[in-house]
Amino acid sequence: MQRRRNKKAAKKFSRKLLKGCQYVPRVIVTDQLKSYGAAKQEILPSVEHRQHRYLNNRAENSHQPTRQRERRMQGFKSPGHAQRFLSAYGPIAQHFRPRRHRLPAPEYRQELAQRFQIWQEITGAAIAA
């Protein structure tokens with residue numbers, strides 16, 4: 001979550017990504033936000049930069065779980081509040097999402113009931129029906 005989407009923020013984001021990279025990338029693909037191009041010119045001027053309409057779909061799809069959570073968080077007053085919630089919610093989210101496509105319906109219901117039972121025991125909270 002970023003407060004601003006300017007050149008400074010884009011440079012910071014790019015450096016953070018490149019720090020974990022063992023090599024200099026051949027191509028960088030971003031959305032069409034102009035600050036990415038400006039930041040790339042300063043950080044990696046020799047690298048090709050692609051900003052066409054559908055090229056970033058692969059990157060955006062990898063962010064879907066976060067986007068899904070953000071959609072639910074629209075009531076937050078600031079990105080900081082949403083980030084604080086997301087960092088706590090992320091590790092436990094999969095506890096309540098068994099892989100439905102891999103289980104028959106009765107097993108899925110049983111698994112979900114068992115997970116909610118575990119959650120109730122751990123937290124001592126009553127689950128709303």
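Trainee: How many salt bridges does a search of the whole structure find?

Mentor: The search finds 4 salt bridges. Keep in mind that this is a predicted model.

Trainee: What makes lysine 11 and glutamate 42 a salt bridge?

Mentor: Their side chains meet at 2.7 Å, N to O. The cut-off is 4 Å between a Lys or Arg side-chain nitrogen and an Asp or Glu carboxyl oxygen. The pair therefore qualifies.

Trainee: Which parts does that pair tie together?

Mentor: Lysine 11 lies in helix 1 (residues 7-19), glutamate 42 in helix 2 (residues 34-43). The bridge thus ties together parts 31 residues apart in sequence.

Trainee: Why is lysine 11 called buried?

Mentor: Its relative accessibility is 18%. Buried means under 20%, so lysine 11 counts as buried.

Trainee: And why is glutamate 42 called partly exposed?

Mentor: Glutamate 42 has 42% relative accessibility.

Trainee: Which residues of helix 1 are buried, and what do they pack against?

Mentor: Ala9, Ala10, Lys11 and Ser14 are buried. The buried residues of helix 1 pack against helix 2.

Trainee: How do you know that the length of helix 1 agrees with expectation?

Mentor: Helix 1 has 13 residues, which should span 18 Å at 1.5 Å a residue. Its end C-alpha atoms are 18 Å apart, so the two agree.

Trainee: What makes arginine 50 and glutamate 48 a salt bridge?

Mentor: Their closest N and O atoms are 2.9 Å apart. That is within the 4 Å cut-off, so the pair counts. Arginine 50, at 30% relative accessibility, counts as partly exposed. Glutamate 48, at 38%, also counts as partly exposed.

Trainee: How do you know that arginine 115 and glutamate 111 are about one turn of the helix apart?

Mentor: Both lie in helix 6, 4 residues apart. An α-helix has 3.6 residues a turn, so residues three or four places apart point the same way. The closest N and O atoms of arginine 115 and glutamate 111 are 2.8 Å apart, in a salt bridge.

Trainee: Which residues do salt bridges with shared partners join into one network?

Mentor: Lys7, Lys11 and Glu42 form that network.

Trainee: What follows helix 6?

Mentor: Glycine 124 follows, with a positive phi near 75°. Helix 6 itself (residues 105-123) reaches 27 Å from its first C-alpha to its last, close to the expected 27 Å.

Methods: Residues numbered from 1 in each chain as written. Predicted model: local features only at pLDDT ≥ 70, side-chain atom pairs only at ≥ 80, totals over all residues. Heavy atoms only, no water. Helix = DSSP H or I, 4+ residues; strand = E, 2+ residues; numbered from the N terminus. Expected span 1.5 Å × (residues − 1). Buried < 20%, exposed > 50% of the residue type's maximum accessible area, 1.4 Å probe, protein only. Contact = heavy atoms within 4.5 Å.
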